[in-house]
Amino acid sequence: MSIFSKVARISLSTAFFTMLGSAAMADDTEIFFTDVDAVVKPNVMLILDTSGSMTSNKVDGQTRLEVMKAATKSLLDTVTDANVGLMYFGGNEGAYFKAPIKPMDDAHRAFLKEKVDELSGGGNTPLSESLFEAYRYYSGGDVFIRDTDRGYEWVSTNWGGYWKEVSVDVAGVSTGDSFTSPIQYECQPNNVVLLTDGEPTSDSNHEATFEAEIDNTCSGNCLDEIAEFMWTSDLRSDLGGDQSVITHTVGFQTDQTLLSNTAEKGNGSYVLANDSASLESAFSDLFDEVLAQSTTFSAPGIAVNTFDRLNHLDSLYFAVFQPAAEPLWSGNLKRYRLGVKVDEATGKKEAVILDQSGNEATDPSTGFFKDGARSWWSPSADGKNVKEGGVASQHDTNHGDREVYTYLGSDSDLTDGDNEISIDNKGTLTKTMLGDASMDDDEHEKLINWIRGADVDGEDPALSRKFVSDPLHSVPHLIVYGGTEDSPDTSIFFGDNQGFIHAIDGSTGETYFSFMPEEFLGNQAVLMGGSTSEPKRYGMDGEVTSWVYDDNGDGQLSGGADHAYIYAGMRRGGRGYYALDVTDPDSPSLLWRIQGGVEGSDFEELGQSWSTPAKSKIKISNKVYEVLVFGGGYDPHQDDVEVRNEANRDSMGRALYIVDAETGERLWWAGPKDSGADLEIEEMHYSIPSAPKILDVNGDGWIDQIYTGDMGGQIFRFDITNGAKKVADLASGGRIADFAEDDDATATRRFYHAPDLFGMKVGGRRYLGLIIGSGYQAHPLNDVIEDRIYMMRMPDVTSPPVNADDEPTYVTITEADLYDTTSNEIQQGTDSQKMAAAEALSTSDGWFIRLERDGEKVLSTSQTINNEVFITTYEPTPSTNPCTPAAGTSRLYHISAADGRAIKNYYTTDGSDEDNLTQEDREKELSTIGLPPDAQRMRVDDTDIVCVGAECMTVDTITGVVETYWYEE
């Protein structure tokens with residue numbers, strides 16, 4: 001199957017992804033499956049050479065023209081997800097139209113093939129004039145050189161013959177003297193594919209026109225300068241964003257610097273073809289690129305500035321990915337910079353994301369990177385293209401130089417030869433271990449090299465294919481090893497769904513090592529095969545966390561007791577956790593691993609390892625333990641649960657674990673009744689995939705409290721007694737909230753993400769506030785469940801809630817115990833309504849907001865700053881903008897933690913101002929497509945910033961950068 005044949009089933013617009021011919025999956029990737037009729041298809045104008053040399057020269061016994069026509073018709077037979085038009089050049093000067101750019105239905109395909117058959121050879125090679133004509137067409141400008149209803153034909157005479165212009169019928173290209181632009185949508189990719197077999201001739205009559213219009217001086221032929229203008233200019237200023245055109249070139253039995261330069265300046269590709277097979281391949285490869293122009297990204301990673309604890313480092317690292325029909329998706333890690341600029345008109349500070357050249361990198365209308373943006377490490381502009389630039393571009397050119405490891409149960413030193421993924425170790429990396437016991441020896445070696453990143457199907461298999469798989473949910477995690485504020489020694493760690501954990505040099509983008517747990521070796525044969533009939537595979541898809549110990553606190557990890565450990569789970573990839581010692585990223589070692597679901601083991605209850613571990617300390621008797629705390633994981637049974645009831649209770653993941661961070665040993669756990677857990681809780685019927693929220697109330701560095709939600713819409717609290725004489729007395733705990741209802745599909749709420757905690761005062765009394773949102777992460781398109789944003793207000797701040805006998809007693813609240821602040825009467829009601837609302841809130845245990853749009857839900861953790869809550873929601877509604885047809889609508893709610901009122905005047909249509917905020921002012925619609933990540937708080941240049949993905953805003957200045965609570969005095 002050709003590259004194009006596979007890719008043609010995937011139409012990926014610049015702001016949106018869709019997968020065709022596949023059923024929706026039971027996870028949050030279902031948002032990428034949608035109706036193909038709604039997809040904005042890319043435009044492609046084919047400009048073909050029919051000059052005299054195309055008939056006077058032969059290849060494979062046919063004229064070049066005959067070969068080109070056959071290859072073009074073969075291409076047209078396979079195109080389904082693009083709009084295609086046809087131009088040609090020959091005759092005297094300029095280009096001629098055969099067909100306007102139109103959707104490729106059966107009628108247009110037949111029409112195009114008929115027009116290809118009509119092509120006849122002769123005349124000149126006016127390359128720049130032809131491309132300029134295409135520019136005018138795309139921009140809707142004036143017709144150039146001749147009317148669009150003109151063609152040419154050969155007229156025989158006694159002395160030989162000549163080319164004569166004739167009238168032709170090409171409806172839809174122009175109206176009167178102006179072209180009808182084929183660009184319909186702001187996000188529509190636009191392309192030219194120009195093929196020629198020779199250098200320009202009769203191509204210099206209009207250079208003055210070119211130079212005046214593109215505002216540039218041509219150096220020699222104008223072809224490359226025109227292509228550059230088409231790529232760097234906005235050709236449709238009447239549409240939002242920038243509409244540019246990519247120029248690809250094909251040299252057919254000719255290799256020209258001009259063609260190469262044209263493709264480079266036009267952000268396209270230059271391919272060579274010498275015969276019919278290579279020409280068909282060239283066309284396929286170019287359409288492969290045309291149909292794969294897109295990106296999406298997770299939350300950025302940013303590091304605390306160890307040299308200035310009041311600020312963060314300003315480098316941002318984005319994990320990006322591109323959905324596909326195959327089980328292996330493309331991904332990358334890209335670096336940008338977070339900056340602050342001052343609006344000259346208002347004097348206000350604005351947060352901006354900058355590229356390597358210091359230019360603003362994102363397009364506010366899309367929330368994505370601009371086409372011309374160039375991330376750090378990238379050799380050229382990479383913009384929205386996932387595969388270009390970033391970490392992938394910095395892979396060692398020769399795959400043999402890469403450090404690629406697994407762990408096979410021998411030496412914990414990952415650099416040991418027995419742990420290396422290489423053909424030198426193929427005796428250990430058996431065919432069965434790699435997923436296909438029947439493969440022959442050549443395939444065995446090929447697969448091992450492919451895992452290493454070799455371009456096994458390329459011209460030189462020793463080269464790297466410069467590929468990174470998708471980090472779908474793995475947010476970049478940073479460790480600062482030392483250095484200086486101007487030149488920090490930073491490493492980035494992230495997982496991907498091929499199964500790797502990658503360690504990256506934050507300065508150069510080069511890879512220290514890539515580690516793949518043994519569990520994922522068996523997936524590799526399927527991933528390399530790339531069959532669209534195979535479902536997506538998952539690997540190390542969990543978030544990475546770390547424990548960094550700097551013994552003397554000098555900000556430098558310099559040996560001795562200093563160390564850096566990282567920890568990562570697998571999410572849907574499996575039921576395990578891996579811990580690596582990365583104190584020296586050039587020499588990693590396995591610290592420990594946990595395997596869940598093993599009967600009789602300490603982690604038999606552990607489900608899919610979704611929960612990101614939280615690092616802290618506890619004290620048992622007189623011993624202090626460095627610990628990790630994580631939830632029991634996800635039970636995939638929840639993928640198909642429509643209502644909560646006794647029959648639908650989970651069978652795994654119903655736990656909370658505390659483990660030794662150095663050894664992985666289980667120190668304590670909570671579980672359901674009769675589980676044998678150190679703390680058994682009757683109501684723990686449902687899995688806990690979320691990260692726990694740990695709280696150190698008195699600032700001594702030890703855990704005092706833990707909070708977590710579950711798949712049953714419940715919230716649990718655990719209170720730690722540090723110094724307890726035995727493990728059984730370490731913690732008390734119980735259910736403190738139940739926000740779902742049995743046998744009610746609309747109230748089957750779930751908590752996939754950690755709650756957010758903050759201190760607050762009400763009436764002079766101190767409370768602990770908890771914000772959490774509900775949402776069905778496994779099915780974000782679900783529009784049955786009525787989800788909420790909840791705020792609980794708890795008076796028992798420094799010690800467990802107790803009864804009259806001073807015994808820990810955990811009381812469950814429900815929605816009935818909270819004030820419904822959805823209508824925002826407390827802020828915008830009449831005086832009597834405001835008074836009644838305030839009184840109702842004062843006697844409640846908190847408040848909640850109904851997410852009243854169909855399917856709107858919370859799939860993130862909130863960020864509370866100065867008692868202001870930033871929390872994102874996702875709504876799976878079809879968009880009126882065809883550029884964002886099915887990826888839904890994302891919003892950022894910015895509300896008061898005290899009562900849910902609006903903070904800022906986001907909704908200006910009603911004419912209200914900052915003194916008259918309304919319910920609509922609680923939220924702002926985001927440009928980000930897909931599921932919005934957590935709102936993240938950052939501080940750069942003494943300015944506080946909140947970012948959701950690549951959309952950032954400044955907020956009122958606050959003190960400190962570490963999340964703080966108030967402590968007992």
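Me: In which order do the four strands of the open sheet stand, and what is their pairing?

Reply: In this predicted model, the order is β43-β44-β45-β46, and the pairing is antiparallel.

Me: What makes β43 and β46 the edges of this sheet?

Reply: β43 (863-865) and β46 (923-925) each have a single partner strand, so one side of each is left without a neighbour in the sheet. Direction ignored, neighbouring strands of this sheet are turned by 25° against each other on average.

Me: Why are β44 and β45 called paired strands?

Reply: Pairing requires at least two bridges between two strands. Eight bridges join β44 (residues 868-875) to β45 (residues 889-896), and the two strands run antiparallel; therefore β44 and β45 count as paired. One of the bridges links E875 to its partner T889 in β45.

Me: Which strands are joined to β23, and by how many bridges?

Reply: Strand β22 (residues 488-495) is joined to β23 by five bridges, in antiparallel fashion, with I492 having I504 in β23 as its bridge partner. Strand β24 (residues 511-515) also pairs with β23 in the antiparallel sense, over four bridges; here A503 has F513 in β24 as its bridge partner.

Me: What is found in the turns of the two hairpins?

Reply: The hairpin of β22 and β23 has five residues between the strands, and G499 takes a positive phi near 120°. The hairpin of β23 and β24 likewise has five residues between its strands, and G509 in the turn has a positive phi of about 80°.

Me: How do you know that both faces of β23 are covered?

Reply: A residue is buried when its relative accessible area is under 20%. In β23 (residues 501-505), five of five residues are buried. I501, A503 and D505 lie on one side, with H502 and I504 on the other. In a regular strand, side chains alternate between the two faces of the sheet.

Me: Why are α6 and α7 called roughly parallel?

Reply: Angles under 35 degrees count as roughly parallel. Helix α6 (residues 207-214) and helix α7 (residues 223-232) pack at an angle of about 25°, with their axes 10 Å apart, and are therefore roughly parallel to each other. The crossing of α6 past α7 is left-handed.

Me: Which residues of α6 and α7 meet, and of what classes are they?

Reply: F210, E213 and I214 in α6 meet E225, I226 and F229 in α7. By class, the contact has four nonpolar, no polar and two charged residues.

Notes
Residues are numbered from 1 along each chain as its sequence is written. This is a predicted model: local features need pLDDT of at least 70, side-chain atom pairs count only at pLDDT 80 or more; totals for chains, interfaces and linings use all residues. Side-chain values use heavy atoms; hydrogens and water are left out. Axes are lines fitted to C-alpha atoms, for helices over the stretch in contact, and angles run from 0 to 180 degrees between N-to-C directions. Angles under 35 degrees count as roughly parallel, over 145 as roughly antiparallel, 65 to 115 as roughly perpendicular and the rest as oblique. A crossing is left-handed if the near helix is turned anticlockwise from the far one by less than a right angle, and right-handed if clockwise. Contact means heavy atoms within 4.5 Å. Ala, Val, Leu, Ile, Met, Phe, Trp, Tyr, Cys and Pro count as nonpolar, Asp, Glu, Lys and Arg as charged, and the others, Gly among them, as polar. Buried means under 20% relative accessible area, exposed over 50%, partly exposed in between (1.4 Å probe, protein chains only).
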